[in-house]
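Please read the points below alongside the coordinates, chain by chain.

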Amino acid sequence: MNLVMIFDALLIFSMLTLGWMSIFSLSLFRCIVFFVCLGLLAAIAWGQLGAFDVAIAEAAIGAGITGALLLAAWNRIRPHRTKAIEPNLTNAKTSQKDTREHV
Amino acid sequence: MFNKLDIEYDGPAVDKSALSLIASVLVVGLLLAVTIKIVLSDKGHNTGLAPLITQNIELSGVTNPITAVLLNFRAYDTLLEIAVLLVVVLAILPTRDHHAPFFKRIEVSKQNLVLLALQRWITPAVVIFAGYLLWAGAHQPGGAFQAGALLAGASVLMFQSDTYQVNYTSFMARVLLVLSLVVFITIGTALIWFEGSLLTYPLAFSGLLILLIETCATVSITLALASLYSSFIASENISVTDHKHRTIK
Amino acid sequence: MNYLSSSLLLPAIVFLPLLAAIIAFIIGRNRLQGLINISFSLTQFLLVVLTTLLFLDEQTDQSERYVIGGWGAPLGIDLIVDGFSILMLALTGLLTLLITLYSASYFSDKYNASEKSLRFWPLWWFLISGLNALFMSADAFNIYVCLEIIGLSAAALVALQGNRAALQAALRYLLVGLLGSLFYLFAIAILYRSHGTLDLMQIAETASHSFPDKVAMILITIGLLLKIALFPLHFWLPPAHANAPTPVSAILSALVVKASLYILIKFWFDVLGEATTFGASQVLGALGGTGIIYGSWCAFRATQLKLLIAYSTVAQLGYIFLLFPLSEYSMGVSSFTGSASQAAVYFIVAHACAKAAMFLAAGNLILAQGNGEIAKLKGIAVREPLNVLVFAIAGISLIGLPPSAGFIAKWLLLTTAFESGQWWWVIVVITGGLLGAMYLFKVLSLAFSTDPAVVESPTAKSTAPVSSVPVSSVMTTVALILALITLALGLNAEFILNISNTVTEVNGI
Amino acid sequence: MTSALLYSMAGLALFAIGFFGVVVASHVMRKILALNVMGVGIFMFLIALAKRNPLVVDPLPHALVLTGIVIAVAGTALALNLMVRIHHMDQSSQEQSK
């Protein structure tokens, strides 16, 4: 049991927790955020396993693009959308607003 | 289990029908037990195809084994995978607005300073890094998919404010979207004539051909991923007009 | 020197539809659109015919391999054709040609569907190329990619109809499909772990009665059963098939479901035959039997015409699953040989043609009637005699009355059941046939009913709906051709069985 | 107990969690997320499998995972798109009924 093993175990434990939370969290927004975190941790884990190509792809596609898609879709289905229909409103702003709503 | 597809925002997280709960817990438990037993009884193949791949890597034209597998040994899979991406783009892209220009710049009076700075400084860096990834894919981690994803991420950033707009249904965009598939198929079938079999790269040109295919793949993947993202943003405007249209009727 | 393994033919069968998809995508809406697509489907059909003839001509009794990239099996990906896959390819080619002809008028301006055609054609060709690639694939992971092409494009095609029911059905179909593929992918990972290769034949060589192989087989079976919609997992099929545009319903019922079935049969008998057991096959048979009864009953209760046909698909798929218990077992190893497999193969072909014909005819009837309620079909036989005739012929084949293809398929199934001593399946088959007759005659008796009030005033506002459009003759003709093929298959059974017989020898590898 | 073994078991656990989520979660987006979690689990299993022999890293599973990631993103995008369209349709019909 060396340091690397402990790191691995911690990583795996947090990934499993994030996996659970990204499905069963209370608000959908948190689910998405947890899923993106899961993707980033997965990228670290795969670097750990020597798969650097996959790590880059996972960080860029699995966490990045999928996360962006999920957030965009979430933005479309969340309630009170009709007030915030202004096209210039950026994602960052709206997501901030929502965290306040749901905290 | 799929009978109720809920899209209400504030619904409960869990579908509380006892049957599906019990069944899934049983299945999950069984699955875990069974597969962990497999993992622990570590017999079977120990190295997979690794020795074979290292043996043939010199014949593939690249030195990064993953690029060799993706674009030479199993290039057929990659070709079909690009087709999968295209299927989804086709299914999602709106079918109107064919004649608007491919790319346009709009002057917006109200600018978000942070976003502007990001666009100015980070985007070129990302583009350069993506180019590097693409180039480096031949001998170290990197390649078309990673570069395409990075570029798509950069373009998401670019189009966040409406300063730049790309019309993904214009003729130009459609050509670029299918570019990689066309190039892939053309090279693949042309090689039947020269080498006698589908996608058999001649040794002298294999590195070059792979780089060509990867470059085209990067362009198409960038555009595909960016258009997937934009469909969620843009469809808002379209759906609004849709809605107006309907009420007028 | 065999032609197939060295020629352009096999890759061309995959790439031609891809090319057609690209061209359809680029040119967009065009006056020549229909013509281009029809010529592509004709070329594709000719290619498939040529391949079939070459395959029959060589008489090698072996599977033919085509090496992609010059690497060979474990490193690269191979294409493989044996009797079964040639048969499926030929079926795909034929149905593609006919349904393309049908769709060219279905998606024309006449029916206000030219906006949809913009999406339909590329997706349609992607679906066809996915099917063709699947039937030729010899690589486990390549099959996964093909399954994804098929699943995603099929779901997108279902969504084409655009109303809420269709979208919901498409979403459910997509989620189920993705779940099924993930199970399959997991099984592939386990197989690669224990065999160190992804090539199906090489996996078959080292397959054993071992634990990992069994688990992989279970996972593959669960995943593919989800996609095939065997009885308890059928919930997604009726809405998806009923809400899709008519040509899409036809191809979904005729081929897309069979594609997963093809993979399942391949794994169950060729690849991991060692890992299967008698008990498991009885379970599959029992599910199939329940599916027959349940599907037929739901079809009888259905009030929408297309929903009835979709439930009938659930029932008919059940018959094919009787293959699993009925196939011969020697030394605990099942094999895809003998009369059970012949019956199953024949059933697949017969059902594909009959169901496609039935969906197309039903689509025509719905177009003529303006709505899909069965109750509204009263007396339609007077106005659309040909389409009702097609419906009747296809129905005869589905029930299994002579002289149709369905009759021979059922006959083979029954004799096999008697020979193997598993008489209980006979009861299921006969009950299913009776129930099938019930739901089909329910429709036909309504269609032929000569209620004078209805017949005399076909143009009156009260009976003829506002949205009814005259059905184009092309669409009726295509349905009729398919129905005639169903009849012809009943009279020439040897032809199909000859092609599929070569499967027997492949198994020996 | 090597770390590759640990990771492959974690992959299985993620797969199981995801499957549980697909069956049990009610919202479509949760189902989509759960499918993605299942995918991550399989990818983890494959990548751990590539490193089973500590001396040799097998690049083939890496390539499979790369392909799988792109396919997963494609499926996710299509599912999300269908979900958004259904939601939009519901909303406009609601507004009309008002």
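1. In this predicted model, 44 residues of chain B are in contact with 51 residues of chain C. On the side of chain B that touches chain C, the elements giving two or more residues are helix 1 (18–40), helix 2 (50–60), helix 3 (65–73), helix 4 (75–92) and helix 7 (171–195) of chain B, and helix 4 of chain B gives the most, with eleven residues. Divided by class, that side of chain B has 25 nonpolar, 13 polar and six charged residues.

2. Within chain C, strand 1 (residues 64–67) and strand 2 run antiparallel and are joined by four bridges, with C:Tyr66 standing opposite C:Leu79 in strand 2 of chain C.

3. Because 30 of the 39 residues are buried, helix 3 of chain D is largely enclosed by the rest of the structure.

4. B:Leu199, which is not a glycine, has a positive phi of about 55 degrees; B:Leu199 lies in the loop between helix 7 and helix 8 (206–248) of chain B and is buried, with 29 other C-beta atoms within 10 Å. C:Ala229, also a residue other than glycine, has a positive phi near 70 degrees; C:Ala229 is placed in the loop between helix 8 (211–228) and helix 9 (237–243) of chain C, and is buried, with 27 other C-beta atoms within 10 Å.

Key
Residues numbered from 1 in each chain as written. Chains lettered and ligands numbered in written order. Predicted model: local features only at pLDDT ≥ 70, side-chain atom pairs only at ≥ 80, totals over all residues. Pairing = 2+ DSSP bridges. Contact = placed C-beta atoms within 7 Å. Nonpolar A, V, L, I, M, F, W, Y, C, P; charged D, E, K, R; others polar. Buried ≥ 20, exposed ≤ 12 C-beta atoms within 10 Å, placed from the backbone.
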